[in-house]
Amino acid sequence: MTDQNHTFPLIAPHGGTLINRLLSGEMQELMRERAQSLVRVPLSALNVADLECISTGVFSPLTGYMGEADYRSVLNDMHLVNGLPWTIPVTLAVTSELAAKIQVGQTVALAEGDRLLGVLEVSEKFGYDKQDEAQKVFRTTEDAHPGVARVYAQGDVYLAGDIWVFDRPQEVAATFTELRYTPADTRRYFMAQGWRRIVAFQTRNPIHRAHEYIQKTALE
């Protein structure tokens, strides 16, 4: 399959190329049909979110779940192997039992519950030290930390490789559709408006007064 990437003259993405792993048209239908007969890999909520971010270019320049070299480099140096800053690994964990059924070079289907979203072209399988990851990412090995607890509860083997998505996650397809802009969408909108300076704010919860102050100061 040919990589569907885009470049924009405005606001260069991390790594210089905006990644697009969303299939469309005939290829979308063919891959959706093919995926029905493939080994299925269940995705956690975090895996689904990562899949959406990879496929739409939010995680540019990643084209799939990280291989071992990038994984180790991120943990130890907070950079990808190519030198780009990256602080948290983007990985897909499976059980040892499921990993044993999957061969490197195999294509598997990625499932959100009973719904298939895309495929993974498996380039690597590798084990990892959960406590080492917890300490280097979250700076603690205590499972009272929700991130640490998640790592401890997930499978013992990571699958790596490029992904292709033929259906967006259920939440993306069903909620706030008029407000969900991909990186390509936002760039087109900014260019259409003639905007050269953009203020962005990311939050995990409702905006507080301090957040409002930061945004107003940035706008000024």
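**Entry 1**

I started with Lys216, which is partly exposed at a relative accessible area of 46%. This is a predicted model, so I kept that in mind throughout. Lys216 makes a salt bridge with Glu212, and their closest N and O atoms are 3.0 Å apart. Glu212 is partly exposed too, at 38% relative accessibility. I checked where they sit: both are in helix H9 (residues 209–219), 4 residues apart, or about one turn of the helix.

**Entry 1: other salt bridges**

How many salt bridges does the structure hold? I got 11. I noted a network as well: Glu29, Arg32 and Asp167 are joined by salt bridges that share partners.

Next I looked up Arg168, whose side chain meets that of Glu52 in a salt bridge at 2.6 Å, N to O. Arg168 is in the loop between strand E6 (157–165) and helix H7 (170–174), while Glu52 is in helix H2 (residues 45–56), so this pair ties together parts 116 residues apart in sequence. Buried or exposed, I wondered, is Glu52? Buried, at 13% relative accessibility. The cut-off for that word is under 20%. Arg168 is partly exposed, with a relative accessible area of 25%.

Then came Lys130 and Asp156, another salt bridge, with the closest N and O atoms 3.0 Å apart. This pair also links distant parts of the chain, 26 residues apart: Lys130 belongs to helix H5 (residues 130–138), and Asp156 to the loop between helix H6 (146–153) and E6. Lys130 is buried, at a relative accessible area of 15%. Asp156 is partly exposed at 43%.

**Entry 2: the nonpolar cores**

Which residues touch the most other members of the largest nonpolar core? I wrote down Val41, Tyr65, Leu110 and Leu120, out of 28 residues in that core. The elements giving two or more residues to this core are H2, strand E3 (92–94), helix H4 (96–100), strand E4 (107–112), strand E5 (115–127) and E6. E6 gives the most, with 4 residues.

I listed the contacts of Leu120, leaving out residues up to four places away in sequence. Among them are Tyr65, Leu92, Leu110, Leu159 and Ile163.

Val119 is found in strand E5, and at 0% relative accessibility it counts as buried. Setting aside neighbours within four places in sequence, Val119 is in contact with residues that include Met31, Ala35, Leu38, Ala109, Trp164 and Phe166. I also took a distance: Val119 and Glu68 are 19 Å apart in space, C-alpha to C-alpha, and 51 residues apart in sequence.

**Entry 3: two helices meeting**

I turned to helix H3 (residues 68–77) and H5, whose axes come within 9 Å and cross at roughly 50°. That makes H3 oblique to H5. From H3, Tyr71, Leu75 and Asn76 meet Asp132, Glu133, Lys136 and Val137 of H5. By class, I have this contact down as 3 nonpolar, 1 polar and 3 charged residues.

**Entry 4: a loop residue and a strand-side distance**

Gln103 lies in the loop between H4 and E4 and is partly exposed, with a relative accessible area of 49%. From Gln103 to Glu124, C-alpha to C-alpha, I have 8.6 Å in space and 21 residues in sequence.

A reminder to myself: most residues other than glycine have a negative phi, and most peptide bonds are trans. So I went looking for exceptions.

Where is the cis peptide bond? The bond runs from Ser60 to Pro61, with omega near 10°. Pro61 is found in the loop between H2 and strand E2 (64–65).

Met78 has a positive phi of about 55° although it is not a glycine. Its place is the loop between H3 and E3, and Met78 is partly exposed at 41%. Arg139, also not a glycine, has a positive phi of about 65°. Arg139 sits in the loop between H5 and H6 and counts as exposed, at 55% relative accessibility.

Notes
Residues are numbered from 1 along each chain as its sequence is written. This is a predicted model: local features need pLDDT of at least 70, side-chain atom pairs count only at pLDDT 80 or more; totals for chains, interfaces and linings use all residues. Side-chain values use heavy atoms; hydrogens and water are left out. A salt bridge is a side-chain nitrogen of Lys or Arg within 4 Å of a carboxyl oxygen of Asp or Glu. Buried means under 20% relative accessible area, exposed over 50%, partly exposed in between (1.4 Å probe, protein chains only). A nonpolar core is a set of buried Ala, Val, Leu, Ile, Met, Phe, Trp, Tyr and Cys residues joined through side-chain atoms within 4.5 Å. Contact means heavy atoms within 4.5 Å. Axes are lines fitted to C-alpha atoms, for helices over the stretch in contact, and angles run from 0 to 180 degrees between N-to-C directions. Angles under 35 degrees count as roughly parallel, over 145 as roughly antiparallel, 65 to 115 as roughly perpendicular and the rest as oblique. Ala, Val, Leu, Ile, Met, Phe, Trp, Tyr, Cys and Pro count as nonpolar, Asp, Glu, Lys and Arg as charged, and the others, Gly among them, as polar.
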